[in-house]
Amino acid sequence: MDESGDSGRPQPGAGGTDPAAGPDGGKPKRPADPGGGLLMGRPFGVPVYVAPSWFVVAALITWVFGGQLDRVLPELGGARYLVALFFAIAFYASVLVHELAHTVAALRYKLPVRRIQLQFFGGVSEIEKETETPGREFVLAFVGPLLSLVLGGVFYGAMQFVEPGTVPGVLLAGLMISNLIVAAFNLLPGLPLDGGRMLRAIVWKITGKPMSGTIAAAWVGRGLAVIVLIGLPLLTHTGALGGGDEGIGGVETVMDALLAAILAGIIWTGAGNSLRMARLREHLPDLRARTLTRRAVPVESATPLSEALRRANEAGARALVVVDGQGNPKGVVREAAIVGVPEHRRPWVAVSGLAQDLTDGMKVPAELAGEALLDRLKATPATEYLVVEETGEIYGVLSTADVERAFVKAMARPEA
C-alpha cells in the first residue's frame, strides 16, 4: 500500500509521499543525515534507506510465496524459497520505482526530498514542503500509482515471451499482480494514500482551500480504515478474494483479521497525522519573528553584566546585544549564561564573556514567518538570534525557547 500524507513522520504504505511540516519535536535543528535504516544509495541525490522492519516482511513474503510455489512448481523443492526471496526483493524494487516517481516529480517542482524509506508495508518519500497548487498536488500523488500500473503492464508484456508454469512465468505473473494491487490500493480516495492526496487536490481546487481538501480526504481515509477492518476478513472468508468458504476459525482467519487490523490502523493513524500536520501548517503563519522577538538593549563588550541588566530593566527589555563603538552588533548575550552567573559576581563579569559571536545565519529579518522562519533557524542552530529590520537596524533578540513554546502551542490546538 501507499503512504502519502502531511505527517512529519513516515506513515506506512507501499509507496507514497510524506510532506514533513515543522521541525522534529519543535526543535529547529535538522540532523545532517536523516537515517532510518540501512543506506542503499542516493538516486537523484536522495538517500534511500531500508528499515529493519522490511526484513521481517521480506521473510514473511518469502515464506508465503514459497508455499504457493510448492503447489505450482513442486519440482523446485527447497529452492522454491530462493525464488520466493527473489520475488520479495523484486517486489520492493518495484515499490522503490513507485517512490522514485514521487521523488522525481517533487524535485521537478523544486520541493526538497529528505529521504526514501522502504519499510514494513511498503515505502515513503519524505517531501519536506507542500506543493503550491492543487494541480501540482494531484500530479505529485498520481505519478506513483501511474508507475505501478506501467510496471504491471511491463511485466504482463514480458509474460508473453515466457512459458506459463515456469519459474520466470510465475515470477512475472506475481510481479504483475502485485504492482496492479499496489496501484489500485494507492488510488483509494483517502489519506494517507495517494488517492487521498488526489482527492485533497480536487477539493482544494473546488473550494480554493487546501485545509478543506485535507479534512475531506482525512475523514474518507478514516472511513476506509473501518471498511478495511471489517470488510477484508469478510471478503477473504467468503472467497471473494480467491479463498474458499471454509467457515470461521483456524489460523488463516486469525491471520486475515490481524492483517486487516494492521492495515486499518496504518490508514487511520496516517489520516489523523495528515490532519494534525495540516492544522499545524495552518497555524504556522502565527510564528512571526517580529511578534516572538524580545526587546533588547545594546551594550558595549566591556560593560559589566550588572550594569547591562540594570539598563535592560529600565528599558523593559529582556535581552542584551553586544555592539562595538559604532553601534554595530557583534554578539548576543546568552540567557543561559546570564542565569549561570551568581548575582554577587555580576558587577565583575563583562558581557563579552557571556556573548555568542554573531554569524550571518544568526541575523534574522523581522518579517520572516511560518515555514520560512523555521527553515532559517534550522539552517543555523543557535539558542538566540539577532532580529533586524530591512535597514539593518536592531529590532531585538529571538530565543529558540520562545519559538519552541509557540510551536508546541500551535501543535496543541484542536483538530477538526
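In this predicted model, one face of helix α3 is brought against helix α4 through Pro145, Ser148, Leu149, Leu151, Gly152, Phe155, Tyr156, Ala158 and Met159, which meet Leu172, Ala173, Leu175, Met176, Asn179, Leu180, Val182, Ala183 and Asn186 of α4. Sorted by class, this contact comprises 14 nonpolar and four polar residues, with no charged residues.

The geometry of the pair may be considered next. Two packed helices are described by the angle between their axes and the distance between the axes. Helix α3 spans residues 134-159 and helix α4 residues 167-186; their axes lie 8 Å apart at an angle of about 160 degrees. Because angles over 145 degrees count as roughly antiparallel, α3 is roughly antiparallel to α4. The crossing of the two helices is left-handed.

Helix α4 also packs with helix α2, which covers residues 80-108; here the axes come within 10 Å and cross at roughly 35 degrees. The crossing of α2 and α4 is right-handed. From α2, the residues Val83, Phe86, Phe87, Ala90, Phe91, Ser94 and His98 take part, and they meet Val167, Leu171, Gly174, Leu175, Ser178, Asn179, Val182 and Asn186 in α4. This contact has nine nonpolar residues, six polar residues and no charged ones. Leu175, Asn179, Val182 and Asn186 of α4 are listed in the contact with α2 and also in the contact with α3.

The description now turns to the strands. Strands of a sheet pair through backbone hydrogen bonds, either parallel or antiparallel. Strand β3, residues 113-119, runs antiparallel to β4 and is joined to it by six bridges. Within this pairing, Arg115 has Glu126 of β4 as its bridge partner. Two residues separate β3 from β4 in the hairpin that they form. Strand β4, residues 122-127, is mostly covered, with six of its six residues buried.

A further set of four strands forms an open sheet of mixed pairing, in the order β5-β6-β7-β8. Strands β5 (296-300) and β8 (355-357) stand at the edges and each has a single partner strand, so one side of each is left without a neighbour in the sheet. From one strand to the next, the twist averages 35 degrees.

Methods
Residues are numbered from 1 along each chain as its sequence is written. This is a predicted model: local features need pLDDT of at least 70, side-chain atom pairs count only at pLDDT 80 or more; totals for chains, interfaces and linings use all residues. Side-chain values use heavy atoms; hydrogens and water are left out. Axes are lines fitted to C-alpha atoms, for helices over the stretch in contact, and angles run from 0 to 180 degrees between N-to-C directions. Angles under 35 degrees count as roughly parallel, over 145 as roughly antiparallel, 65 to 115 as roughly perpendicular and the rest as oblique. A crossing is left-handed if the near helix is turned anticlockwise from the far one by less than a right angle, and right-handed if clockwise. Contact means heavy atoms within 4.5 Å. Ala, Val, Leu, Ile, Met, Phe, Trp, Tyr, Cys and Pro count as nonpolar, Asp, Glu, Lys and Arg as charged, and the others, Gly among them, as polar. Buried means under 20% relative accessible area, exposed over 50%, partly exposed in between (1.4 Å probe, protein chains only). Two strands pair if DSSP finds at least two bridges between them.
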